Amino acid sequence: IVKNQTLVELGCGNGRDSMFFAVKKVNVTAIDQCKNTTTVLNELDNIHSYSHDFTNLPPLHKELDIDIVYSRFTIHSINEKSEDRTLTWIYNNLSKGGIFCIEARTIKDPLCGKGEDKGNNIWFYNNHHRRFLDADRFKTKLKNIGFKIIFFKEKNGFAKYKNEDPIILRVIAEKM
């Protein structure tokens, strides 16, 4: 990810990652359902932000070249039908050679299986819904859409936080 590229962040949350990329002179479009966050981000250089459900985005204008779509800890927060719709949107709106960067929790995560089973690898635990991805199934889905897998790892060490070190899926996929 280099200066002047265009990056779309799906589910930007507090905007921490969007701000990191913007400081590196990447042109960021940050999308989140929380209007308060997106309003604050719009006051910063190199960020255009708006409030929207990233699983139901309209097609972007063809004159906007998207080099990168970035999703960190968001795909596991949506159901599979929404995931399918989102992956299709990403593929259709990325420039040829563009990349999709993702980090998400998987069924190997220690939290998977804790709390109330909502079905389809969705668990409600500690006041939070999570859908844990089957990494191999997700990889197949990306390939079937048309992505080339550049990097694919499922392991801990990617997202350490305090005493937690969950098993995370990290993927970089290229639009062919």
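**Second largest pocket.** I began with the second largest pocket of this predicted model, which 14 residues line, with Glu-80, Asn-120, Asn-121, Arg-131 and Arg-137 nearest its centre. For the term itself I noted that, on a 1 Å grid over the protein atoms alone, a pocket is an open set of points where a 1.4 Å probe fits, with protein on both sides within 12 Å along at least five of seven lines, and that lining residues have an atom within 4 Å of a point. The volume came out at about 210 Å³, counted as the space filled by probe spheres set on the points, with grid points joined across faces, edges and corners. Helices α3 and α4 are the elements that give two or more residues to this lining; helices are DSSP runs of H or I with at least four residues, strands are runs of E with at least two, and both are numbered from the N terminus. I sorted the lining by class and got four nonpolar, three polar and seven charged residues. Here Ala, Val, Leu, Ile, Met, Phe, Trp, Tyr, Cys and Pro are nonpolar, Asp, Glu, Lys and Arg are charged, and the others, Gly among them, are polar.

**Ground rules.** I kept in mind that local features need pLDDT of at least 70 and side-chain atom pairs pLDDT 80 or more, while totals for chains, interfaces and linings use all residues. Residues are numbered from 1 along each chain as its sequence is written, and side-chain values use heavy atoms, without hydrogens and water.

**Salt bridges.** Next I looked up the salt bridges (a side-chain nitrogen of Lys or Arg within 4 Å of a carboxyl oxygen of Asp or Glu), and the structure holds twelve. Which residues are linked in a network? I found Glu-80, Glu-83, Asp-84, Arg-131, Arg-137 and Lys-141. Within it, Lys-141 and Glu-83 bring their closest N and O atoms to 2.5 Å. Lys-141 lies in α4 (135-145) and Glu-83 in α3 (80-93), so this pair ties together parts 58 residues apart in sequence. I then checked burial (buried is under 20% relative accessible area, exposed over 50%, partly exposed in between, with a 1.4 Å probe and protein chains only). Lys-141 is buried at 15%, and Glu-83 is buried at 2%.

**Largest pocket.** The largest pocket holds about 750 Å³ of space. I listed 28 lining residues, with Arg-16, Arg-72, Phe-73, Thr-74 and His-76 nearest the centre. The elements that give two or more residues to this lining are α1 (16-23) and β8. By class I have seven nonpolar, eleven polar and ten charged residues.

**Two arginines.** I followed Arg-16 to its salt bridge with Asp-17, at 3.6 Å between the closest N and O atoms. Arg-16 is exposed at 51%, whereas Asp-17 is buried at 15%. Arg-72 forms a salt bridge with Glu-103 at 2.8 Å. Arg-72 belongs to β4 (66-72) and Glu-103 to β5 (94-105), so the pair ties together parts 31 residues apart in sequence. Arg-72 is partly exposed at 23%, and Glu-103 is buried at 5%.

**Open sheet.** Last, I traced an open, antiparallel sheet of three strands in the order β6-β7-β8; strands pair if DSSP finds at least two bridges between them. Strands β6 (116-119) and β8 (128-131) are at the edges with a single partner each, so one side of each has no neighbour in the sheet. I counted three bridges between β6 and β7 (122-125), and Asp-117 stands opposite Trp-123 in β7.
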